[in-house]
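Here is a short tour of one protein model, written to be read with the structure open beside you. Take your time and turn the view as you go.

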Amino acid sequence: ILGIIQALTEFLPISSTAHIKLTEIIFNLPYSTTLDVFVHLGTLLATIIYFKDIVIEYHKKYFKEIFLVVLFTSVIALLIDKIKYFEKPELLSVFLFVNAIFLIIVNNYLKSSEQLNKEVKDLKINDLFIIGLLQGLSAIPSLSRSGSTIFGSILSKLKPYEAFRFSFIVSIPTISLALIYELFNFITKKEFANENINITGIIISIIFAFLFGLIALKILDYFIKQRKLEFFIIYNLVLALILTYYLGFIIKFW
């Protein structure tokens with residue numbers, strides 16, 4: 001179940017963190033750092049397989065652009081990782097609203113796509129910084145990585161389908177580095193010793209994350225080509241309202 005939810009929500013612009021946390025609450029599951037680290041391996045493999053025809057080509061052709069986006073992303077993400085404020089559960093609903101705002105802007109741009117005319121080779125340093133910044137901000141729990149990065153790509157005036165492809169191509173080194181970083185923290189903190197690791201369960205979760213990751217990419221691919229993101233906007237808003245009610249955030253805030 002966690003593998004499926006991770007895959008669908010990792011790629012669709014609806015926040016994997018919020019859904020994983022909700023699933024753990026609904027099914028009364030203990031949080032597993034091991035599972036959290038390794039389930040991302042399934043979605044990473046899904047990205048590589050889905051874009052297998054262009055992965056090597058993009059990394060050769062646009063190495064500088066990808067490197068700079070990943071560099072900017074890493075700096076921002078590391079800063080956010082040090083700020084414990086963003087771990088507050090009340091903020092899950094807040095950033096789901098932010099997701100919806102991002103998608104509303106992207107949707108409006110897609111409707112007037114004559115503004116979106118750039119190729120990756122046309123991106124300037126400030127464009128690459130915007131994409132890296134927004135991908136880095138997705139280190140904030142509940143802020144969708146795919147939604148944020150596509151938003152950054154659209155703001156940089158990339159062609160719609162190019163924005164979709166580039167946002168996932170840059171995710172490959174980004175997620176790989178994040179996995180290495182999390183695994184390093186995991187091992188150095190000796191968290192392995194505190195968990196009963198179920199190897200079979202981990203393998204199953206990776207397989208399901210991989211399979212449903214491919215399905216999620218196909219779904220998002222379809223919506224980008226159709227230039228219709230209303231479903232995801234409504235979904236984010238509804239889930240944000242449910243979480244706001246559940247967490248009593250408005251009462252706490254005021």
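## The largest pocket

Helix H1 (2–11), helix H2 (16–26), H3, H5, H7 and H10 each contribute at least two residues to the lining of the largest pocket. Please keep in mind that this is a predicted model. Among the contributors, H10 gives the most to this lining, with 10 residues.

The largest pocket holds about 1,600 Å³ of space. Its lining is made up of 47 residues, and those closest to the centre are Asp36, Asp81, Ala139, Ala178 and Glu182. By residue type, the lining divides into 19 nonpolar, 16 polar and 12 charged residues.

## Helix H5

One of the helices that line the pocket, H5, covers residues 63–81.

Which residues of H5 are buried? They are Glu65, Ile66, Leu68, Val69, Val70, Phe72, Thr73, Ile76 and Ile80. As for their partners, the buried residues of H5 pack against helix H4 (55–61), helix H7 (125–137), helix H9 (160–169) and helix H10 (171–188).

## Ile54, in a loop

If you look in the loop between helix H3 (33–50) and H4, you will find Ile54. Is Ile54 buried or exposed? Its relative accessibility is 12%, so Ile54 counts as buried, the cut-off for buried being under 20%.

Setting aside residues up to four places away in sequence, Ile54 touches Arg165 and Ile169. Ile54 and Ile169 are 115 residues apart in sequence, while their C-alpha atoms are 8.6 Å apart in space.

## Asn236, in helix H12

Now move along to helix H12 (residues 230–247), where Asn236 has its place. Asn236 counts as buried because its relative accessibility is 0%.

What is Asn236 in contact with, once its neighbours within four places in sequence are left aside? The contacts are Pro13, Ile14, Leu96, Asn99, Ala100 and Leu103.

Notes. Residues numbered from 1 in each chain as written. Predicted model: local features only at pLDDT ≥ 70, side-chain atom pairs only at ≥ 80, totals over all residues. Heavy atoms only, no water. Helix = DSSP H or I, 4+ residues; strand = E, 2+ residues; numbered from the N terminus. Expected span 1.5 Å × (residues − 1). Buried < 20%, exposed > 50% of the residue type's maximum accessible area, 1.4 Å probe, protein only. Contact = heavy atoms within 4.5 Å. 1 Å grid on protein atoms, 1.4 Å probe; cavity = no way out; pocket = protein on both sides within 12 Å on 5 of 7 lines; lining within 4 Å. Points joined across faces, edges and corners; volume = space filled by probe spheres on them. Nonpolar A, V, L, I, M, F, W, Y, C, P; charged D, E, K, R; others polar.
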